[in-house]
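Here are my notes on this model, in numbered points. Please read them with the structure open.

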Amino acid sequence: MLIFAVIIVVSGALIVGALWGLYGHLPSWIEGNLLAIAGGALMISVVIELVQPAVTESGVLITAAFTLMGALVFAGTDYLIDEKLNSKGGAGLLAAITLDGVPENLALGVSLLSGNVMQVAALAGSILLSNLPEAAGGAKEMRKNGNSHKQILMLWVGAAVLLSLAAILGKVLLKDVDEGVISAIDCFAAGAVIASLATEVFPTAFKRGNHWAGISATIGLILALALSQLSG
């Protein structure tokens with residue numbers, strides 16, 4: 001039952017965030033600072049929950065290679081969406097969440113195998129902190145770009161379903177997979193997250209939250225660090 005509870009909370013945040021972006025009326029600076037908090041949380045989480053264990057398990061070279069691969073794949077996809085497909089209305093954030101979310105949720109599913117509830121909570125909490133405001137920002141930009149509410153919601157529901165399936169697959173299919181493979185998945189996710197922070201999350205947060213975004217990002221980092229300490 002734990003896996004379904006985690007999936008509902010983490011992936012459901014995409015749908016809640018999209019609804020918030022379509023129908024909510026929070027001031028832009030609040031949304032920007034919430035996004036910065038999410039970015040700060042992910043910034044520390046990718047290091048502590050994904051990269052650091054991979055260094056211990058597989059070494060620095062393997063960790064660096066797969067982390068860079070994740071960043072390259074995300075950056076390339078983001079470039080195609082923004083520059084070649086001319087789709088800037090929130091599609092970048094949707095790509096960010098989907099591309100880094102699939103391996104990230106695979107890793108979340110694997111963490112459920114350990115039985116360490118606090119470790120699961122640390123990773124799930126950081127993903128949740130990012131999914132909610134990112135989905136809200138993406139949905140709002142899509143709305144400004146002229147997409148219908150129904151079309152936007154279907155896109156974010158589809159992303160939520162995809163990430164839910166990734167978590168389930170991580171729990172079921174990767175149960176007996178070598179730790180080196182798990183480390184590679186984690187590093188790919190970390191690289192995609194880092195690239196998304198640099199190109200989508202923090203620029204958007206600064207644009208909406210101004211210089212307060214830097215303080216909010218630090219608060220998010222501290223929150224994620226506290227969650228990580230709870231996991232031991």
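**Notes on the predicted model**

1. From the N terminus on, the protein chain runs α-α-α-α-α-α-α-α. That gives eight helices and zero strands. Keep in mind that this is a predicted model.

2. Next, burial and surface. The protein chain has 232 residues, and 50% of them are buried. Its accessible surface is about 10,700 Å². Carbon and sulfur atoms account for 71% of that area.

3. Now look at helix α6, residues 149-172. It has 24 residues.

4. Which residues of α6 are buried? They are Ile152, Leu153, Trp156, Ala159, Ala160, Leu163, Ser164, Ala166, Ala167 and Gly170.

5. Thr67 deserves a separate check. This residue lies in helix α3, residues 60-84. Is Thr67 buried or exposed? Its relative accessibility is 15%. The cut-off for buried is under 20%, so Thr67 counts as buried.

6. What is Thr67 in contact with, leaving aside its neighbours within four places in sequence? The partners are Cys187, Ala190, Gly191 and Ile194. Viewed from α3, where Thr67 sits, these are the contacts to inspect on screen.

Methods:
Residues are numbered from 1 along each chain as its sequence is written. This is a predicted model: local features need pLDDT of at least 70, side-chain atom pairs count only at pLDDT 80 or more; totals for chains, interfaces and linings use all residues. Side-chain values use heavy atoms; hydrogens and water are left out. Helices (H or I, at least four residues) and strands (E, at least two) are DSSP runs, numbered from the N terminus. The expected span of a helix is 1.5 Å times one less than its number of residues. Buried means under 20% relative accessible area, exposed over 50%, partly exposed in between (1.4 Å probe, protein chains only). Accessible areas come from the Shrake-Rupley method with a 1.4 Å probe; for residues, only the protein chains shown count as cover. Contact means heavy atoms within 4.5 Å.
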